[in-house]
Structures are given as structure tokens and as C-alpha cells.
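Biologist: Can you take me through this one? Have the sequence and the model open, and I'll ask as we go.

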Amino acid sequence: MAVAVIAVFTVAGTLYLQGNLADSTHEELREETDVVAAALNQASDDYVLLDQIELGDTRVTLVADDGTVLYDSDESPSDMANHADRPEIAEALADGDGISERSSSTMGETMLYNAVRLDDGSVIRLSKRQEGYISIFFTLLIPLLCLGAVAALLAWAAASREAKAIIAPLELVDLDHPKRNMENAYQEMVPMLERIENQRQELKRQMRVLADNDRMRREFTANITHELKTPLTAISGYAELIGSGMVASEDDQRDFAMRIYKEAGRLTSLVNDILTLSNLDEAEHSADAAAASVLGTREPVDLPRMLDSVYQRLEGVAAKQGVLLTVSSCPAVVEGVPRLLDELVYNLASNAIRYNKADGSVLLACGLNSDERPYIRVSDTGIGIAEEEREKIFERFYRVDKSRSKARGGTGLGLAIVKHAAVFHNAELNVESKLGEGTCITVTFPEAFKVSSF
């Protein structure tokens with residue numbers, strides 16, 4: 001910027017200086033011409049007077065009224081062309097005096113002329129060389145280059161100092177705690193520091209998620225090993241007793257065979273739940289349609305009919321545990337995978353029965369809420385869930401009452417399947433519960449399926 005300013009002022013200064021010098025030279029030339037003209041008008045011999053005049057670098061020319069050159073201080077008059085066409089001569093012959101300028105592109109100079117008509121009709125002309133724009137520019141070039149170098153050096157020093165002042169707060173930024181630097185930072189740095197802080201918090205959140213996922217993976221591995229080992233140990237033990245002939249009576253053999261059958265059923269149920277969760281996980285974290293197709297195709301699902309199907313399968317189980325199972329349904333249709341929605345309702349209802357009280361009740365309900373969104377609701381009068389445990393109940397193998405769940409059966413994966421099935425269908429899960437009074441879990445779907453479209 002400093003060099004650019006100097007360049008602009010150089011051009012402007014050259015133009016200004018040349019103009020002033022031209023005006024000054026014109027004025028000086030006019031005064032000299034008037035003096036010479038007055039002397040020639042009084043002189044008896046013009047040539048003698050002209051030879052005696054000493055005007056330095058000023059050229060003197062005497063021209064007759066027909067344009068013939070009579071005298072010239074620099075050249076022989078006989079070698080010079082007729083000057084009648086010269087602007088200053090023509091103007092002097094007509095008006096008494098005349099001035100003109102002629103520039104030389106090769107010499108970079110300007111010739112200034114001033115002419116005055118004498119009493120005898122001839123014209124006296126004085127001329128002087130004036131430096132042009134190029135000459136003046138090159139005359140100023142070396143000082144200007146020196147000035148430009150000094151200005152550039154000063155500008156560099158100032159810019160370096162300011163750059164260090166700007167960078168200094170950046171070098172002091174603590175990336176681990178960006179907000180601590182906001183008080184000493186200039187205003188333009190605040191958005192950057194806020195963005196760094198937001199990114200740092202997001203990284204911390206992601207690290208916590210990864211740590212939680214790793215913890216859940218370890219817990220899942222430990223739990224699944226234990227859950228698989230328990231029925232396998234029982235099956236192996238009963239089979240070994242029968243195979244070694246230690247079970248003599250037919251009644252005992254039937255009893256052991258029934259226990260093996262139950263443990264095998266429990267093992268099959270556990271494996272099926274694990275496969276379902278695995279497929280749901282793959283479908284959630286993969287954009288490939290083939291991963292979702294493993295779970296089944298989407299189609300219209302009549303929620304009241306599905307609740308009736310679950311009711312019929314669990315009615316006997318509920319009766320054995322002294323729990324009243326009822327259904328309250330209103331027309332509602334959603335688009336989803338029937339098998340997953342069936343498991344969702346079945347697991348919610350099964351848990352509600354399993355964790356209920358004697359003479360308790362379970363209500364299966366469905367319909368459309370005030371926003372015309374389909375919902376499924378399972379409410380019970382069971383043991384309830386403590387507030388600090390509500391976020392954990394959907395974790396795999398998590399049990400609110402571990403001793404009771406072991407006694408009543410269950411794989412510990414039911415509510416995990418409910419959560420992932422709801423996510424798969426873009427549904428919302430809402431849990432309302434009071435410890436010792438009961439629980440109500442509602443699954444709300446994004447929109448109803450229009451029956452007229454199928």
C-alpha cells in the first residue's frame with residue numbers, strides 16, 4: 001500500500017511540477033521577449049544589437065513579415081525554412097504577440113515559444129527548452145526509489161509488529177479450555193473459540209458414547225455367556241443323569257425330559273432374541289436396503305387385530321399369574337414389519353404380566369392420539385420403575401428386579417427389542433411409572449397408514 005501511494009503521488013507530482021515549470025518559463029520568456037522587442041524598436045542596427053545580447057540558453061530568432069528568417073542565434077538563417085506557418089509567428093503578425101509549445105517525443109522535452117511583432121512589421125521570437133514529463137519523472141526516479149524502499153521497510157516493520165499483535169492471542173489459546181481465553185481475546189476471535197469449544201464438547205460426547213458402547217459390549221458378552229451357559233448346564237446335567245442310568249423311575253425320566261425341554265425352549269428363545277437384535281442393529285447402522293429386508297417387508301398393519309393376537313397368546317399366562325389382561329382398541333393402521341411390531345407388543349405385555357402384582361391388571365390399548373398419530377399403549381398395576389432406572393430398562397439384560405425375573409423367566413432382551421423396533425419404525429417411546437403403583441409405556445408412530453391406498 002505504501003509503494004502504491006508513492007507511485008500515485010509520483011505521477012501526480014510529475015504532472016504538477018511540469019505544469020508549474022512550464023508556467024514559470026512562459027512568464028520568464030515573455031518578460032525577456034518584451035525587453036528584447038523594446039530594445040530592437042529603438043536600435044539603429046538590429047543585427048548588431050542581437051549579436052550583443054546574452055540570454056544564456058534562450059534562442060533568439062528574427063522573422064520578417066513574410067515569414068523569412070532574418071536572424072537566429074543557433075542556426076544559419078539561410079538554412080531555415082519559412083516560419084510564416086509557425087503558430088506563434090502567425091499569431092504575432094496578426095495580434096502583436098503569440099505563444100506556443102511543441103513537444104519532442106524522442107527527447108522528452110517541450111519547446112516554449114514567445115513572439116512579439118516589432119514596429120517595422122518583423123517578429124522577434126524567443127524560445128527555451130523545458131523538460132517534459134518523462135525527463136522530470138526520470139529526474140525524480142532515484143529519490144523516489146529511495147523513498148519507496150524506506151517506506152516499504154517501514155511498512156514491513158509496522159505490518160510485522162501488527163501481525164505479531166494479532167497472532168499473540170491466537171498463540172495463547174488453550175485448545176483444551178477455549179472459553180478461558182475469551183476475556184483476553186479480541187471480538188473477532190470469539191466465534192472461533194466458541195466453535196472450538198463446541199467441537200471439543202462434541203468430541204467428549206462422542207468419546208462418552210464410545211466408552212458406553214464399549215462397556216455395553218463387554219457387559220453384553222458377559223451376560224450372553226452367562227445366559228447361554230445356564231440352560232446349557234441344566235440340559236447337560238439332566239441328560240447326563242438320564243444317560244448314566246441314575247434316573248430309574250419313569251416318572252423321574254419324564255420330569256427330567258420336561259426340564260430339558262423347558263431349558264431348550266429358553267435357549268431357543270434367547271437365541272431368537274439375539275438374532276432379532278443383531279438384525280435390528282445392522283438395519284439401523286446400514287443404509288443398505290438388503291440389511292432391512294432381513295427383518296421382513298413393510299406392509300399395512302392393523303393394530304387392533306395385532307393386539308387381539310397378542311391377547312390370545314398371553315391370556316393363559318396372565319391367568320396363571322393372577323393378572324387380568326384386557327384390550328381397549330380403536331381403529332389404527334401403520335406401515336411396518338408385522339413380525340417386529342408383534343414382538344414389540346408381545347414383549348411389552350409379557351413384561352407387564354411378569355412384573356405385576358397378584359390380582360393386578362394389564363391393559364393393551366391402541367388408536368389415534370389428538371395429533372392423529374397412531375399409538376400402542378401397555379399399562380399395568382405392577383411394581384413400577386424407579387425414576388433413576390427408567391433410562392436403563394431398555395438396555396440389554398437389564399432387569400429391574402433380578403431375583404423376580406429369574407424366577408418368572410425371560411431373557412432380559414425384551415425391552416431392548418422394543419426400543420430397537422420402535423427406532424426402526426421411527427416411533428417415539430414414552431415411559432410413565434410410579435414405584436409400587438405401575439407403569440405405562442406408549443409407542444407413538446409418525447403417521448397413520450391411509451387405508452384407502454391399499
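Modeller: One definition to start with: two strands pair if DSSP finds at least two bridges between them. Also keep in mind that this is a predicted model.

Biologist: Fine. How many bridges join β9 to β10, and do they run parallel or antiparallel?

Modeller: Seven bridges join β9 to β10, and the two strands run antiparallel.

Biologist: Is β10 mostly covered or mostly open?

Modeller: Mostly covered: six of the seven residues of β10 are buried.

Biologist: And how does β10 pair with β12?

Modeller: β10 and β12 pair in the antiparallel sense, over five bridges. For S379, the bridge partner in β12 is C440.

Biologist: While we're there, which strand holds T442?

Modeller: T442 is in strand β12, which covers residues 438-444.

Biologist: Buried or exposed, and why?

Modeller: T442 counts as buried because its relative accessibility is 9%, and the cut-off for buried is under 20%.

Biologist: What does its side chain pair with, T442 I mean?

Modeller: The side chains of T442 and R377 are joined by a polar contact of 3.2 Å. Leaving out residues up to four places away in sequence, T442 touches Y375, I376, R377, E428, L429 and N430.

Biologist: Where does α8 bend?

Modeller: At L314, by about 45°. L314 is also one of the buried residues of α8, along with L303, P304, M306, L307, V310 and A318.

Biologist: What do those buried residues pack against?

Modeller: The buried residues of α8 pack against β6 (299-302), β7 (324-329), β8 (333-336), α9 (338-354), β9 (361-368) and β10 (374-380). That list includes the β9 and β10 we started with.

Biologist: What comes just after α8?

Modeller: G322, which takes a positive phi of about 70°.

Biologist: And α9, how many of its residues are buried?

Modeller: 14 of its 17, so α9 is mostly covered. From its first C-alpha to its last, α9 reaches 24 Å, close to the 24 Å expected at 1.5 Å a residue.

Biologist: New topic, aromatics. How many pairs does a search of the whole structure find?

Modeller: One aromatic pair. The pair is Y238 with F256, and it is tilted, at 5.2 Å centre to centre and 50° between the planes. The pair links distant parts of the chain: Y238 lies in helix α5 (residues 190-243) and F256 in helix α6 (residues 250-284), 18 residues apart.

Biologist: Why does F256 count as buried?

Modeller: Because its relative accessibility is 15%, against a cut-off of under 20%.

Biologist: Last one. How do β1 and β2 pair?

Modeller: Strand β1 (residues 59-63) and strand β2 (residues 69-72) pair in the antiparallel sense over three bridges. T61 stands opposite D72 in β2. β1 and β2 form a hairpin with five residues between them, and G67 in the turn has a positive phi of about 95°.

Conventions
Residues numbered from 1 in each chain as written. Predicted model: local features only at pLDDT ≥ 70, side-chain atom pairs only at ≥ 80, totals over all residues. Heavy atoms only, no water. Helix = DSSP H or I, 4+ residues; strand = E, 2+ residues; numbered from the N terminus. Buried < 20%, exposed > 50% of the residue type's maximum accessible area, 1.4 Å probe, protein only. Polar contact = N/O pair within 3.5 Å; in protein donor to acceptor, adjacent residues only side chain to side chain. Contact = heavy atoms within 4.5 Å. Bend = angle between axes of the 7 residues up to and from the residue. Expected span 1.5 Å × (residues − 1). Phe/Tyr/Trp six-rings, centres within 6.5 Å; stacked < 30°, edge-to-face > 60°.
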